[in-house]
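Dear colleague,

Here is the structure I said I would send. My notes on it follow below.

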Amino acid sequence: MPFQMPEVPSGAKQVDVDGKFKDASKQQVESFMGQLVERSPGLTKLEARSNNLGKDDKLPGFVVYLPKFKTLAALYLNQNNIGPEGCKHLAPVLPLLVKLTSLGLGSNDIGPEGCKHLAPVLAECKALTKL
């Protein structure tokens, strides 16, 4: 089935795109995130589970937009095949999410190597209370 771009909401506080980007290209993911920042800059919760963001180099184009959501408090990236390589892209962004209280990274095959990238920056995430 060909990829269909999810509707980009205006003024949303919570957005759920779980599984919506499985078949998307890197460019389609970046386009959605760019539009989401423009239309819903006050986003507080982003659910993006099961999107294979760690495959086909989609994760860098996704995470680059995250710091633009100044009020983002909850981010769920479970089951995205992030792996150790994806942690290299995610790690520098996390400390910039100063309001982030909840982060979901389960079932991503991060392993010890990925943890080497995440552990130092998680200590900088002062608002984070749930991992």
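In what order do the strands of the open sheet come, and is the pairing parallel or antiparallel? The order is E1-E2-E3-E4, with 4 strands in the sheet and parallel pairing. Please bear in mind that this is a predicted model. Strand E1 (14-16) and strand E4 (102-104) are the edge strands, each pairing on one side only. From one strand to the next, the twist averages 5°.

Strand E3 (residues 74-76) is joined to E4 by 3 bridges, and the two run parallel.

The core

The largest nonpolar core contains 39 residues. Leu-36, Leu-46, Phe-62, Leu-66, Leu-75, Leu-77 and Leu-94 have the most contacts inside this core. Two or more residues come from each of helix H1 (26-39), helix H2 (59-63), helix H3 (83-90) and helix H4 (111-122). H1 gives the most, with 5 residues.

Phe-62 is itself among the core residues with the most contacts.

H4 has 12 residues and spans 16 Å from its first C-alpha to its last, close to the 16 Å expected at 1.5 Å a residue. Which residues of H4 are buried? They are Gly-114, Leu-118 and Val-121. Viewed down the axis of H4, these buried residues fall within an arc of 55°, so they line one face of the helix. Pro-112 and Lys-116, on the other side of H4, are exposed. H3 is included in what covers the buried residues of H4.

In H3, the buried residues are Gly-83, Gly-86, Cys-87 and Leu-90. They cover an arc of only 110° around the axis, which puts them on the same side of H3. The cover over the buried residues of H3 includes H2 and H4.

Asn-78 and Asn-81 are both places to look at in the loop between E3 and H3. Is Asn-78 buried or exposed? Its relative accessible area is 18%, and because buried means under 20%, Asn-78 counts as buried. Not counting residues up to four places away in sequence, Asn-78 touches Arg-49, Ser-50, Gly-104, Leu-105, Gly-106 and Asn-108.

Asn-81 is partly exposed, with a relative accessible area of 29%. Its phi is near 55°, a positive value in a residue other than glycine. Most residues other than glycine have a negative phi. A second case is Ser-107, which is not a glycine either and has a positive phi of about 55°. Ser-107 sits in the loop between E4 and H4. At a relative accessible area of 57%, Ser-107 is exposed.

Two further residues

Glu-30 is in helix H1. With 25% relative accessibility, Glu-30 counts as partly exposed. Which residues does Glu-30 touch, not counting those up to four places away in sequence? They are Gly-61 and Tyr-65. The C-alpha atoms of Glu-30 and Asn-78 are separated by 19 Å, and the two residues are 48 residues apart along the chain.

Pro-67 is in the loop between H2 and E3. Pro-67 is buried, with a relative accessible area of 18%. Leaving aside its neighbours within four places in sequence, Pro-67 is in contact with Val-93, Leu-96 and Leu-97. Pro-67 and Ala-127 are 60 residues apart along the chain, and their C-alpha atoms are separated by 15 Å.

Regards

Key. Residues numbered from 1 in each chain as written. Predicted model: local features only at pLDDT ≥ 70, side-chain atom pairs only at ≥ 80, totals over all residues. Heavy atoms only, no water. Pairing = 2+ DSSP bridges. Axes fitted to C-alpha atoms, helices over the stretch in contact; angles between N-to-C directions. Core = buried A, V, L, I, M, F, W, Y, C linked by side-chain atoms within 4.5 Å. Buried < 20%, exposed > 50% of the residue type's maximum accessible area, 1.4 Å probe, protein only. Contact = heavy atoms within 4.5 Å. Expected span 1.5 Å × (residues − 1). Arc of directions from axis to C-beta.
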